[in-house]
Amino acid sequence: MSSPTLKNDVFLRALMREPVPYTPLWLMRQAGRYLPEYNQTRARAGSFLGLAQNPDYACDVTLQPLQRFDLDAAILFSDILTIPHAMGLGLDFVAGEGPRFAKPVRNEEDVARLAVPDMARLQYVFDAVSVIRKELDGKVPLIGFAGSPWTIGCYMVEGQGSDDYRLIKSMLYARPDLLHRMLNVNAQATSQYLNAQIQAGAQAVMIFDSWGGVLADGLFQEFSLAYTRQVVQGLTREREGRRVPVIVFTKGGGLWLEDIAASGCDAVGLDWTVNLSQARRRTQDKVALQGNIDPMALFGGEQAIRNEARRVIDDFGPVGEGGHVFNLGHGISRFTPPEAVATLVDEVHSYSRTKR
């Protein structure tokens with residue numbers, strides 16, 4: 001079956017640095033707890049995993065922000081830890097504590113047992129992509145995603161989130177051979193996982209290197225970026241007759257913009273610490289840029305939101321050239337008022353149209 005004609009492809013064109021009439025916008029974690037309808041759907045699902053592993057529920061929450069806001073892309077509702085869960089590490093989400101693995105990877109025997117999982121164990125994700133594409137009916141593009149090999153490796157070794165990354169950094173310094181083996185497995189799995197999302201209908205993909213910024217210079221390139229590059233090199237880059245753009249986002253990665261831009265990606269995601277005009281110069285306009293308003297700006301009231309949106313757009317430069325996708329510098333806070341998001345979307349679209 002042929003897919004419906006894409007009615008709004010401004011997001012995809014911006015990622016390819018093609019001319020656009022305004023700055024496109026989507027938000028990291030745009031389907032989430034700040035929306036009351038999301039919380040109602042999650043309650044019906046019974047748990048976060050119950051929500052993520054049911055394609056119909058995942059479709060519902062993916063579409064919810066698009067029903068409220070004039071966003072230029074949808075992003076699959078899922079989680080970056082689906083791959084290690086499929087490896088048998090026993091993922092659970094503990095109320096008030098976040099994700100936790102029952103079987104963390106701590107020693108040589110644990111690492112030796114790791115293998116690329118059968119993608120059939122992740123079929124619920126690919127089914128969700130297919131359902132969402134059908135329900136979108138060409139309204140906007142759908143973004144698929146995965147965590148970077150390093151970032152999911154942090155969770156695999158720590159067993160949960162961490163403040164100091166003591167366990168994985170201990171492995172890095174004491175047994176780098178073990179860490180390299182684990183990251184290689186993760187990279188192979190992530191390429192297969194994203195390609196399956198693309199096959200199911202994802203029109204762009206994003207790699208979240210959420211914890212790359214905790215590494216020292218040199219170690220970031222060796223243990224994070226090298227494996228992100230491996231993933232990118234293994235991806236399907238054309239589907240349905242057009243390019244499938246790849247976005248790489250490293251939180252805290254401002255020091256390494258040139259290296260990230262050279263990874264083979266089409267766009268680099270930026271956190272709020274990076275100046276967009278400087279990022280353009282540093283990357284020599286070879287990639288699109290995505291970002292990068294501070295998510296906390298959404299708590300400043302209407303005028304502050306509008307001022308910050310204008311500042312980000314002005315920092316990038318003339319609209320319609322160079323490739324800019326407006327986004328937050330990290331995921332939206334669960335406490336964000338939905339009306340603040342409506343203000344942001346309105347300002348980005350209306351102001352950018354005046355800056356061409």
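## Overall architecture and selected contacts of the predicted model

The protein contains 15 helices and eleven strands. The structure described here is a predicted model. Along the principal axes, its C-alpha atoms fill a box of roughly 60 × 45 × 40 Å. The radius of gyration is 19 Å, which agrees with the value near 21 Å that a compact globule of 356 residues would have. Buried residues account for 58% of the 356 residues. Of the contacts with a separation of 6 or more, 74% are made by residues 24 or more positions apart.

The packing of two helices was examined in the region of α8 and α9. Helix α8 comprises residues 149-158, and its axis comes within 8 Å of that of α9, with a crossing angle of roughly 105 degrees. This angle makes α8 roughly perpendicular to α9. On the side of α8, the contact involves W150, G153, C154, V157 and E158, which meet R166, L167, I168, M171 and L172 of α9. By class, seven nonpolar, one polar and two charged residues take part in the contact of α8 with α9. The loop between these two helices holds Y165. The phi angle of Y165 is near 55 degrees, a positive value in a residue other than glycine. With a relative accessible area of 7%, Y165 is buried.

A positive phi is also found at R17, where the angle is about 60 degrees although the residue is not a glycine. R17 is placed in the loop between α1 (10-15) and α2 (36-45). Its relative accessible area is 31%, so R17 counts as partly exposed. A further backbone feature is the peptide bond from G291 to N292, which is cis, with omega near 0 degrees. N292 belongs to the loop between β10 (288-290) and α14. These features stand out because most residues other than glycine have a negative phi and most peptide bonds are trans.

R175 is located in the loop between α9 (166-174) and α10 (176-200), whereas E108 is in helix α6 (residues 108-113), so the pair ties together parts that are 67 residues apart in sequence. Both partners are partly exposed, R175 at 30% relative accessibility and E108 at 42%.

Helix α14 (residues 302-316) and helix α15 (residues 338-353) contribute R306 and D346, respectively, to another pair, which therefore ties together parts that are 40 residues apart in sequence. The closest N and O atoms of the salt bridge between D346 and R306 are 2.9 Å apart. The two residues fall into separate accessibility classes: D346 is partly exposed, with a relative accessible area of 39%, while R306 is buried, with 17%. Why does R306 count as buried? The relative accessible area of 17% for R306 lies under the 20% limit that defines a buried residue.

The surroundings of P65 were examined as a separate site. P65 is located in helix α4, which spans residues 55-68. At 0% relative accessibility, P65 counts as buried. Which residues are in contact with P65, leaving aside its neighbours within four places in sequence? These residues are Q30, A31, Y34, L35 and L71. In space, P65 and E37 are 9.3 Å apart, C-alpha to C-alpha, and they are 28 residues apart in sequence.

Conventions
Residues are numbered from 1 along each chain as its sequence is written. This is a predicted model: local features need pLDDT of at least 70, side-chain atom pairs count only at pLDDT 80 or more; totals for chains, interfaces and linings use all residues. Side-chain values use heavy atoms; hydrogens and water are left out. Helices (H or I, at least four residues) and strands (E, at least two) are DSSP runs, numbered from the N terminus. Buried means under 20% relative accessible area, exposed over 50%, partly exposed in between (1.4 Å probe, protein chains only). A salt bridge is a side-chain nitrogen of Lys or Arg within 4 Å of a carboxyl oxygen of Asp or Glu. Contact means heavy atoms within 4.5 Å. Axes are lines fitted to C-alpha atoms, for helices over the stretch in contact, and angles run from 0 to 180 degrees between N-to-C directions. Angles under 35 degrees count as roughly parallel, over 145 as roughly antiparallel, 65 to 115 as roughly perpendicular and the rest as oblique. Ala, Val, Leu, Ile, Met, Phe, Trp, Tyr, Cys and Pro count as nonpolar, Asp, Glu, Lys and Arg as charged, and the others, Gly among them, as polar. The radius of gyration is taken over C-alpha atoms; the globule rule is 2.2 Å times the number of residues to the power 0.38.
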